[in-house]
Amino acid sequence: MAHDPLEYLQSVLHRSTSHTYRMPFKIGASIANADDRAFAAYSRLGEEIGLAFHVIDDQINVVPMTEEWSKTTAKDIAAGTVTLQVLLILQRADRNRAAELVRILRASTTDQRELRNAVGIMRERGALIEARAVVGQHLDVCLRIISNMDFPHSDDSELWCSIIPYFWNRDRWKEASP
């Protein structure tokens, strides 16, 4: 479990985001006969949106806000899944707390007390807040990409920019706010 958070994000990019976001954006740009600059911008936009969405989803799998999202609290912890917030904790927690989290992850437990303990470790060490900051960085890059793109219609840029608050303000993720 000695992975670096940046390596984790790179693996997300290559194993998931490439197929679910970057490729569809590239296909759309290709169908629209986008020039090389626009093609590269759409590809990068897909990467950034995909990474932000994935990190948010990882967090929701730890602390969902409502039943309507059909996510189980600490589902990823129970499955022993290593996510960005786990890697952040392993970087900053003292040896005992990090070992405790690793033990819980390896146990693949459904014991609610153990799962609450793992979530508590993430909260007390600020991993959920830091993961949210990572999302913010990716969404800021999205806004910069959009602001530098040339769109065929004048309101397209505004439409693209309106998507970003959706990622940032989803009700099911407010738990992680400071």
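Visitor: Is Ile121 buried or exposed, and where does Ile121 lie?

Guide: The general idea is a cut-off on relative accessible area, where buried means under 20%, exposed over 50% and partly exposed in between, with a 1.4 Å probe and protein chains only. Ile121 counts as buried because its relative accessibility is 0%, and Ile121 lies in helix 6. Helices here are DSSP runs of H or I with at least four residues, strands are runs of E with at least two, and both are numbered from the N terminus. Before going on, note that this is a predicted model, in which local features need pLDDT of at least 70 and side-chain atom pairs count only at pLDDT 80 or more, whereas totals for chains, interfaces and linings use all residues. Residues are numbered from 1 along each chain as its sequence is written, and side-chain values use heavy atoms, with hydrogens and water left out.

Visitor: Which residues is Ile121 in contact with, leaving aside its neighbours within four places in sequence?

Guide: Contact means heavy atoms within 4.5 Å. With those neighbours left aside, Ile121 is in contact with Ile89, Arg97, Glu100 and Leu101. Arg97 is 24 residues from Ile121 in sequence, while their C-alpha atoms are 7.1 Å apart in space. For the protein as a whole, among contacts between residues at least 6 apart in sequence, 74% join residues at least 24 apart.

Visitor: How many helices and strands does the protein have?

Guide: The secondary structure comes to eight helices and zero strands, and along the sequence the pattern reads α-α-α-α-α-α-α-α. Of the 178 residues in the protein, 45% are buried.

Visitor: How should I read the largest nonpolar core, and which residues have the most contacts inside it?

Guide: In soluble globular proteins, nonpolar side chains tend to be buried together. A nonpolar core is defined as a set of buried Ala, Val, Leu, Ile, Met, Phe, Trp, Tyr and Cys residues joined through side-chain atoms within 4.5 Å. The largest one in this model has 50 residues, and those with the most contacts inside it are Leu45, Ile77, Leu84, Leu101 and Met122. The elements that give two or more residues to this core include helix 1 (5-31), helix 2 (36-60), helix 4 (84-92) and helix 7 (127-147), and helix 7 gives the most, with ten residues. Met122 touches Val62, Ile77, Gln85, Val86, Ile89, Leu101, Ala127 and Leu128, not counting residues up to four places away in sequence.

Visitor: At what angle do helix 2 and helix 7 pack?

Guide: Axes are lines fitted to C-alpha atoms, for helices over the stretch in contact, and the angles run from 0 to 180 degrees between N-to-C directions. Helix 2 and helix 7 pack at about 160°, with their axes 9 Å apart, which means that helix 2 is roughly antiparallel to helix 7. The cut-offs for that wording are under 35 degrees for roughly parallel, over 145 for roughly antiparallel, 65 to 115 for roughly perpendicular, and oblique for the rest. The crossing of these two helices is left-handed, a term for the near helix being turned anticlockwise from the far one by less than a right angle, with right-handed used if the turn is clockwise. Among the residues making the contact are Leu45 and Ile49 of helix 2 and Val135 and Leu139 of helix 7.

Visitor: Which handedness has the crossing of helix 1 and helix 4?

Guide: That crossing is right-handed. Helix 1 and helix 4 pack at an angle of about 165°, with their axes 9 Å apart, so helix 1 is roughly antiparallel to helix 4. Pro5, Tyr8 and Leu9 of helix 1 make the contact with Leu84, Leu87, Leu88 and Gln91 of helix 4. The buried residues of helix 4 are Leu84, Gln85, Val86, Leu87, Leu88 and Ile89, and these pack against helix 1, helix 2, helix 5, helix 6 and helix 7.

Visitor: Where does Asn33 lie, and what is its phi?

Guide: Asn33 lies in the loop between helix 1 and helix 2, and its phi is positive, about 55°, although Asn33 is not a glycine. With a relative accessible area of 67%, Asn33 is exposed. Ser108, in the loop between helix 5 and helix 6, has a positive phi of about 45° and is not a glycine either. Ser108 is partly exposed, with a relative accessible area of 41%.
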